[in-house]
Amino acid sequence: MKRSKTSFAVFVLPAFVIYTIFMLLPLISSLGLSLFSWTGYGEKEFVGLSNFSRLFTENPFNVRFFNSLFNNMKFFIYTIILQNVAALVIALLLNKELTGSKFFRTVYFIPTTISVVIVGFLWTLIYNPLWGPLNYVLKSVGLEFLAKPWLGDPKFALLSIAVANAWQYVGIPMMLFLAGLQSISQDIYEASDIDGVSSWQKFFYITLPLISPVIFIITTLTFVGNFSAFEIIYAMEGTLAGPNYSTDILGTFFYRTSFGQRAGAPPDMGLGAAIASCMFAIIGLGVILWFNLYGKRENY
Amino acid sequence: MKKILACMLIGILLLTLFAGCGGGKSFGTEDKEPAKAEQSTQNEETKNADQDTGKPVELAMTSWRTEDAEGWAKINEAFNKQYPNIKVKFNPVKNTEYDSYLQAALTSGKAEEIIMVRSFDAGKRLYDGGYLVELNEAVIPNLKDMPASTKMPFSTEDGKIYAAPEGLVYLGFLYNKKIFESNNLNKPETWDEFFKACEVLKSKGIIPIAQGAKDSWTLEELLSGPIIMPFVGGEEWKQKLIKGETDFLDAGFVKHLEVINKLKDYFPEGYEGIGYTDQQQMFISEQAAIYPSGSFETFYLKKMNPDLDFGCFATPVQNKGDKRWLNANVSFGYGINKNCKNMDAANTYVNWLVSAEGAQMLGDTVVGFYSRHPEVRGVADEQASEWLTYLSPQSDNVMITWTYQYLKKQQPDVGTLTSEAVSKMWIGDYTPQQAAQHIQDGMKWFFDSIKK
């Protein structure tokens with residue numbers, strides 16, 4: 001059967017219709033909303049680009065915006081190190097086919113299936129300065145100087161949340177790395193053994209280059225995930241992303257602005273939509289840039 | 001042949017898809033129209049019936065207080081006994097979903113007749129949106145008994161009232177009676193006594209105050225709200241502030257920040273990471289002696305630890321014999337939906353709710369919530385009743401939490417600024433004077449708006 005353009009269109013149409021109704025239209029209307037002033041009730045008022053100018057130039061919105069952007073970058077770096085590097089290490093260990101490998105593969109993946117709210121609650125308890133096990137353990141082994149109000153200290157709060165987040169999602173990159181590792185032909189390693197290559201050389205010159213497509217895709221997913229993150233911060237620090245906005249990322253800033261906060265100022269949907277548009281632009285441009293830099297380099 | 005078959009199949013699929021979309025719409029409208037027509041005829045019938053033969057009218061009230069459903073069933077039953085023709089249903093929606101529910105229900109015209117309205121700007125938005133009727137003493141005669149300060153949270157700038165004021169909570173300090181007695185301490189009357197008690201508790205290894213810095217709303221509502229009163233002179237100061245006659249650099253305002261700053265010496269270790277639920281737990285498990293909070297906790301604390309023996313005291317004063325203020329936070333009022341078909345019945349119901357009897361009923365059944373009706377002087381629950389002992393005979397010593405009215409119309413709002421200022425003061429970034437300056441600078445938009 002020959003493939004015609006019409007049959008192609010017919011097959012694409014249902015998905016396109018659904019995608020348009022549920023994704024594309026809301027996205028466009030959200031971009032449009034950034035040009036209006038609206039509290040959620042009553043009439044919308046057209047204000048042009050003033051939401052954007054407020055966001056970039058007016059205190060405290062510009063302070064909050066750049067603070068959350070900066071925190072988001074920190075959160076991304078923490079996640080790359082805590083989640084993806086850890087996932088690679090675990091995958092390398094599991095790939096050695098030691099006893100219990102299959103069991104641990106399941107164990108490391110289990111947290112991914114738990115709800116973010118539960119993970120947030122659990123780790124809030126672990127970090128609790130009064131009765132949390134973390135400080136308790138630190139104190140009982142004589143490391144009292146390390147015991148901190150983890151979620152209350154501006155220096156450690158975001159890092160602490162990144163640890164909880166990485167603990168939950170380490171299973172997904174781990175699985176991807178494992179699949180990548182298992183697809184490397186054993187012949188290459190055997191040939192390198194004959195040449196007398198050390199294990200470090202094997203890792204840096206054989207393994208790493210051969211799983212670089214996996215690294216690429218995981219980094220992309222982490223970037224998109226982190227710059228649209230919200231839930232874990234909300235679950236552990238609330239909408240105000242304390243202490244003193246040290247855990248405020250674009251997602252929480254957006255939520256607080258668009259939907260208001262407990263007994264606070266009324267919601268500012270227009271300004272919120274402007275933040276969402278910026279998030280969309282950052283993620284879109286970031287991914288395009290990343291794809292152009294590394295995506296085309298398929299020849300390793 | 002195969003191609004034709006495939007095309008047919010896809011065709012059928014698409015048809016059902018579109019039929020599904022289109023069909024839903026037409027079914028919807030078809031469904032709605034007769035129902036609406038039926039409803040209006042029914043309403044006319046009931047209205048006539050109500051006046052002539054006394055056929056029952058049904059009203060519904062929506063609210064975000066799902067936990068009070070039982071109490072409201074009792075209140076509505078009592079109302080029904082006096083007005084057998086009017087039956088009221090309580091339809092609560094989860095607190096966090098209430099505002100979006102209401103928005104959808106009001107715009108589609110399907111909201112309940114009586115609407116529990118949040119105080120201040122959140123409620124005013126409903127009136128500004130044109131969803132609530134204006135209330136006055138002509139339709140709700142019992143409004144005349146309510147003090148002006150409690151009507152303000154439900155009034156526009158030009159004094160129009162859009163909800164009958166009712167549920168308020170009192171804020172101050174809860175204390176553990178057992179711990180106080182075993183350390184020979186009494187309820188403090190002055191701040192000196194308060195800090196002396198804290199010092200004694202601290203020396204005995206007991207956490208004096210169950211408070212943390214993690215949930216910043218507690219800094220604004222549970223600390224600044226009650227503590228400010230003796231230093232600035234209560235409600236009068238607030239009235240001056242919203243007229244722009246005083247500001248946040250006022251000596252009393254700075255003094256109250258100083259006291260809040262001093263409190264932190266008596267918080268548990270690592271208080272920076274302690275949140276609201278931890279504060280509750282510390283008090284429930286009797287690890288901490290004093291808990292800055294309010295009457296709204298009464299029911300929960302008793303449920304969690306039935307052996308917990310606790311009492312309350314209002315904000316201490318500077319010098320013995322000073323006027324003792326009692327801080328209140330207005331939570332809800334009753335509004336009437338503009339689309340209500342039985343206005344008379346709705347007015348009767350709301351008027352009864354804010355009568356002495358309805359007000360007493362609320363205090364007795366919904367523990368920790370009170371009406372400001374002057375005749376309510378005690379309620380059924382012992383702990384909840386203790387708060388009312390701090391009301392002066394003329395009950396002119398109540399200050400509604402200062403941060404709400406007119407000061408939260410836009411970002412940065414005064415509550416967020418206060419929380420920011422207090423946490424920076426606790427970290428040591430700000431002196432109390434600088435903290436006051438932070439709030440003053442952030443509220444520039446408010447003072448500018450008054451000048452105009």
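**Close-up views of a two-chain predicted model**

**View 1. A salt bridge between the chains.** B:Glu420 forms a salt bridge with A:Arg64, and the closest N and O atoms of this pair are 3.3 Å apart; a salt bridge here is a side-chain nitrogen of Lys or Arg within 4 Å of a carboxyl oxygen of Asp or Glu. Between chain B and chain A the count is two salt bridges. The model is predicted, so that local features need pLDDT of at least 70 and side-chain atom pairs count only at pLDDT 80 or more, while totals for chains, interfaces and linings use all residues. Residues are numbered from 1 along each chain as its sequence is written, chains are lettered from A in the order in which they are written, and side-chain values use heavy atoms, with hydrogens and water left out.

**View 2. The interface of chain B with chain A.** In this view 35 residues of chain B are in contact with 33 residues of chain A, contact meaning heavy atoms within 4.5 Å. The two chains bury about 3,100 Å² between them, 65% of it on carbon and sulfur atoms, where buried area is the accessible area (1.4 Å probe) that two parts lose on being put together, summed over both. B:Arg125, B:Lys214 and B:Gln411 supply 19% of the area that chain B buries against chain A, more than any other three residues.

**View 3. Helices α8 and α17 of chain B.** The helices α8(B) and α17(B) pack at an angle of about 95 degrees, with their axes 8 Å apart; axes are lines fitted to C-alpha atoms, for helices over the stretch in contact, and angles run from 0 to 180 degrees between N-to-C directions. Helices (H or I, at least four residues) are DSSP runs, numbered from the N terminus. The pair is therefore roughly perpendicular, a description for angles of 65 to 115 degrees. On α8(B) the contact is made by B:Ser216, B:Leu219, B:Glu220, B:Leu223 and B:Ser224, and residues on α17(B) include B:Thr418, B:Val422 and B:Trp426.

**View 4. Helices α10 and α11 of chain A.** Helix α10 (residues 199-210) and helix α11 (residues 212-227) of chain A pack at an angle of about 55 degrees, with their axes 4 Å apart, and α10(A) and α11(A) are therefore oblique to each other. The contact is made by A:Leu208, A:Pro209 and A:Leu210 of α10(A) together with A:Ser212, A:Pro213 and A:Ile215 of α11(A).

Methods
Helix = DSSP H or I, 4+ residues; strand = E, 2+ residues; numbered from the N terminus. Parallel < 35°, antiparallel > 145°, perpendicular 65-115°, else oblique.
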